[in-house]
Number of protein chains: 2
Amino acid sequence: MAANPLHVIMNPSSIAVVGASNNFSKMGTLQLLNIIYSGFPGEIFPVHPTEKEIFGLKSYACVADLPYPPALALLVVPTRLVPELLEDFGKLETRYAIIVSAGFKETGSAGIDLEQEIVSIAKSYGIRFVGPNCMGIVNTQHPLNISVLPVKMPEGVLSIASQSGTYITQTMPYLHRQGIAVSKAISVGNEANIDIVDCLEYLGEDDETNAICLYIEGIRRADRFLEVARRISKTKPIVAQYVGGTKSGARSGASHTGSLSGPDYVYDGLFAQAGVIRVNTIEEVYKIGWTLATQPHLNGSRIGVITHSGGPGTAIVDICDRFGMDIPELSGRIQETIRDMVPGHAAVKNPVDLTFMVDLKPLVDDIPRIIFASDEIDGVIIHGIMDTEFMGFMHPVISQISELEKEAFAKGFEVDLNVLTQLPSKYNKPIVVSSFVTHQDHSTQVLQQHRIPQFDMPEKAARAMAALYQHHLIRKRKEPQAVELMEIPEQAEKIMENLTNISVDEFTAKAILKTYSIPVTNEDIVQTLEQAMAVADKIGYPVALKGCSPVIQHKTEQGMVFLDINDSDDLSQAFEKIRSKDSGIPLLVSQMLKGEREFMTGISSFPGFPPCVLFGLGGIYTEALHDIAIRLAPLGRDDAEEMILSLSSSKLIGPYRGMPPVDMEALSSILMNLSQLAIHFPRIKEIDLNPIIVVNGKPKVADALFIMS
Amino acid sequence: MAANPLHVIMNPSSIAVVGASNNFSKMGTLQLLNIIYSGFPGEIFPVHPTEKEIFGLKSYACVADLPYPPALALLVVPTRLVPELLEDFGKLETRYAIIVSAGFKETGSAGIDLEQEIVSIAKSYGIRFVGPNCMGIVNTQHPLNISVLPVKMPEGVLSIASQSGTYITQTMPYLHRQGIAVSKAISVGNEANIDIVDCLEYLGEDDETNAICLYIEGIRRADRFLEVARRISKTKPIVAQYVGGTKSGARSGASHTGSLSGPDYVYDGLFAQAGVIRVNTIEEVYKIGWTLATQPHLNGSRIGVITHSGGPGTAIVDICDRFGMDIPELSGRIQETIRDMVPGHAAVKNPVDLTFMVDLKPLVDDIPRIIFASDEIDGVIIHGIMDTEFMGFMHPVISQISELEKEAFAKGFEVDLNVLTQLPSKYNKPIVVSSFVTHQDHSTQVLQQHRIPQFDMPEKAARAMAALYQHHLIRKRKEPQAVELMEIPEQAEKIMENLTNISVDEFTAKAILKTYSIPVTNEDIVQTLEQAMAVADKIGYPVALKGCSPVIQHKTEQGMVFLDINDSDDLSQAFEKIRSKDSGIPLLVSQMLKGEREFMTGISSFPGFPPCVLFGLGGIYTEALHDIAIRLAPLGRDDAEEMILSLSSSKLIGPYRGMPPVDMEALSSILMNLSQLAIHFPRIKEIDLNPIIVVNGKPKVADALFIMS
């Protein structure tokens, strides 16, 4: 496997910049400024047709004039110039580029052609590039900042790859205020050559990246994403926001970076399978990412909450509970110790609520010492650490009666956080903090220096702790095993060869399923009433009688399905009714399964994805409830079991209301074998096995439909 | 009805403060400071055993010494002193109080007794009070700030009542930074006398309150809350956070203010019925409240989105879509006009994405003019307005090549917002804005001056627009009608009189239901096989046979239920099986309903709530999916219909997969009549009608269980 091209792109020894000038309002100029003043240690070559010197650097009139091939070419030029310039760099033997210029795939058909052109040029010269239509990259460790926002950034431990350039530029002042320090940031743009999966892979290998953030509008190589993310997430947390799942989101993403999006639940499935923590806002991307990048692992579900205000405490534990964490009542011994440190009416069970206190020492020192040291708690949330900014807010009133200047007055309330900031590493337990103050508060500054994440709302702190808990569960998952593809069953291949229609009739579909050891109803195909009677007698009543043809998809709505046929009289009536609608259609006589629980499974296809396996409630509930899980084929047994148990209605799987549990091995085998079938025959675009009826715990497919491409 | 006591408490002409001294670290002192320096125009009387003068005010040794009865007494004293002091004020004929002191109901049994004592004292003197265990109140219009945080606050238009004192104190600096100006704020504490429902009612009447925020850990008078909120929310938006719905949240709330909480879905039901917009964080409480308080109504679902960055645009439309709003593609005419104002590769369909631009005039001026003026859009979201703070962030790099000082440099980028800030009122359409800058940015300051809500994340701006849309839908609801209670059916009363067991057998339960015109299966009770056969013949096969006794609740699990009995042989077998388990139990022979769709309805009881009606999926799905809606009895027809259609699986109600629609009038009548039954007989604590089977669109109750107190 070739080395990841991002190793060079993120750490080039020299850079050529085409599109910078001495005009400040140009993107290229801002980017050149950034490269120079962010401290890039290599050589920089501006290329400009007329400028002789740009910010003290010698400028070259054309690419061919460069003294040697720069390691990286940065193109920030009008769209039409990109192909030629890329060609020039190709000839010079530069093998890596970042193309900032926009106006390609995202603009429609002419742009698509132009993008194809630069892809071809790159291919012919072996050039790997980021973009086009991107905002550049940042590597605070090189250091190198090619982004359009000229700022010096501190070295950090959180990295991001983003399908929006804004999230590595406009957000930087926000990150600065929040004390979040980035290691690497990559704006991937249209992903014509290097895509977000390459970035993920690179960041997974990067020792200076403790956690990875992704902003996603659509993934083009979902199979590879799954493989890479599943491996990385076992040790390094991955947080992702996906916004292409709605109709409007998909349209917006397409005109933004020409992205291919898919329904929301497909990405839910991909992320679940890959061990990626899904979040809902860019704030969560960064702040939860920062928490995961800076805090020790959470090794259990028991959270201790310390506050001096009941509301935030209640809000915090409410969120913790929703995410499956526990807020255990502290032991009597600990409660007694804390009781001595707080006012009489304080609550000490957990959450510990000191109630109103001017002195914050119990909140940030005495009580955290006890809680961290105890073996009753795995992680700690504190609300209400604040000092100078908060107290300064009162100064206009205080100044009415006090001579003290604002700064001096506020300084008198500075909190000593020397103990608290050492506790997480001392006890190897994570902490998150919330408070209504900002980075202008002394206490916040100290927390930021020690990389303790502080949130502006209690609920957000709790959500971040929940992410640590999610990663705890991901780390506990079994090592992912590569799923081995089985041989294609000979019989299945033979049947498939003869199929020419766009859909496959139920009988044939079930015949194929049988070759994959998927249990189906006992049944046979007939043409005459006599044959039907004979089959029904053999199977035993009650039976079902259905019209069976590849051209009729909605059999029920067409009056071609008769269920619960109890005797030969009813059979003959049903037979006549179907015959009256269609004189030649073959008929299927099937065993009538009796079971209260009905599920469904199937295959769906989405652009950029391998075949996906669906599992959900069956019968009339499939569409009405959309309680459906999805995973990418092929499925391992763990995938199948996790998927089954991820349904909201997974209670139905266990022993339930007097019914035996569903045979998990049999059910997961159906999903696994179906996933192999889908991989074997890419012609099959859609499979719908609905219902799967559970009889005495055993699942059996009662109806089947295949749609071919 | 007596006038709301809060009219005086929020606007007193004079105040006595007991518990203030010249010691700064005491809450009472901070509160007195606040009263004085927030500009309270009335007389203030400190009461203190030893101080002669406090901050220049004459101090009184005891309550009896006061020159006249103050309109309001503020008690910030040790818990044990509260009863005596309240008594003193009662004798003096002061009729209103705020009790800040804690240590009552929230601390357990001794505290409960003490709280009962002050309730009695208050009652005997006709005193109405806020608290105990509260943080005070704020009225910026009086002005009066009794809260523990001594700050001067500007007059505003948003009011809050909170079961956490923190949310009217610690949050104030946050609100200041956000440009949110409060009208009234009330910390309700333990609600021993005045509760959050009184506050809601008061704020509903208050002309200076445009929108109401509530922080709730539990409501004690849900019926009155519903009545009041439903009326207010038709014109004035109400936003609420509820955090008592989880096990941990409930425990924390109890030790915070001794609150009575209920399950989450019960509050979902209450809020839906009352037209209250539920939010999930205190940030949403305030920022969404502020949006609702300041913006013109949103009168449709069509949102225009303008950005200069694709990611935020996509994130915004994704949220809009989730909340049911539309992002319509702009007409060709408008697209062409905008096309001329932006770079060639910009997106102009909606969202309008200018892509990277240094000049923000198109974003804040040219394009908003067009979008606001068009009749294609009902509300506008803009991402990316920012100037001085953002540009200043680049100054360290820029200073390498420019002589300009930071302020001068940043000032050069100041955006002219004169047009934008006038558009919402000119066209009577709401706007919300997002940007990654803070109140230190010039553009943010201008937006705040004009009360245009700015959010720090695009997703939050979209969520706020969604709240405007939610209120649009609430305003469109029919005027709430008082539900008239019907006469108790004579026959029902007679049956109920004879019931003594804790549960009621199925036959009797259905007999009661019939008196409320609730359709039930055709059936009769029998003792012998002969009788059973006769009933079955009369009803017609198939039938069901069940043991029928008030002492057996889980009939199925006990092997006492036989369904789908097709003939007399099967009936006799089933009869023998039940008899072999119980030789004397009466037996119920019921019509066997055949229908694919099964629902359930029922009654549940929760502390502080009137009987609540449940409606959800029936049969094995009720518990497995918990797709259940709840409303407070009695139900009007609108309530019932809204409730039915609020299920996730409401598709099952309409015509569905060849089945006719469920008869909505019949189904809602069942819920309405059941709600009357529950009101008539408070002895019945729980009713479970499950399943209700739909046959040819007609719902019929197939099983029934009543549990009595």
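Modeller: Two residues are in contact if their C-beta atoms, placed from the backbone, lie within 7 Å. In chain A, 71% of the contacts with a separation of 6 or more join residues 24 or more positions apart. This is a predicted model: local features need pLDDT of at least 70, side-chain atom pairs count only at pLDDT 80 or more, and totals for chains, interfaces and linings use all residues. Residues are numbered from 1 along each chain as its sequence is written, while chains are lettered from A and ligands numbered from 1 in the order in which they are written.

Biologist: How many helices and strands are there in chain A?

Modeller: Helices (H or I, at least four residues) and strands (E, at least two) are DSSP runs, numbered from the N terminus. Chain A has 26 helices and 30 strands.

Biologist: What is the strand order in the open sheet of five strands?

Modeller: Two strands pair if DSSP finds at least two bridges between them. The order in chain A is E16-E15-E17-E18-E19, with parallel pairing. Strands E16 (352-353) and E19 (454-455) of chain A each have a single partner strand, so one side of each is left without a neighbour in the sheet. Four bridges join E17 (residues 379-383) and E18 (residues 431-434) of chain A; A:Val380 has A:Ile431 as its bridge partner in E18(A).

Biologist: Which strands does helix H11 of chain A lie across?

Modeller: Axes are lines fitted to C-alpha atoms, for helices over the stretch in contact, and angles run from 0 to 180 degrees between N-to-C directions. Helix H11 (residues 310-322) of chain A lies across E15 (303-307), E16, E17 and E18 of chain A, and runs at about 165° to E15(A).

Biologist: Through which surface do the copies meet?

Modeller: They meet through the same surface, because 100% of the interface residues of chain B are also interface residues in chain A. Chain B and chain A each give 90 residues to the contact. On the side of chain B that touches chain A, H11(B) gives the most, with eleven residues.
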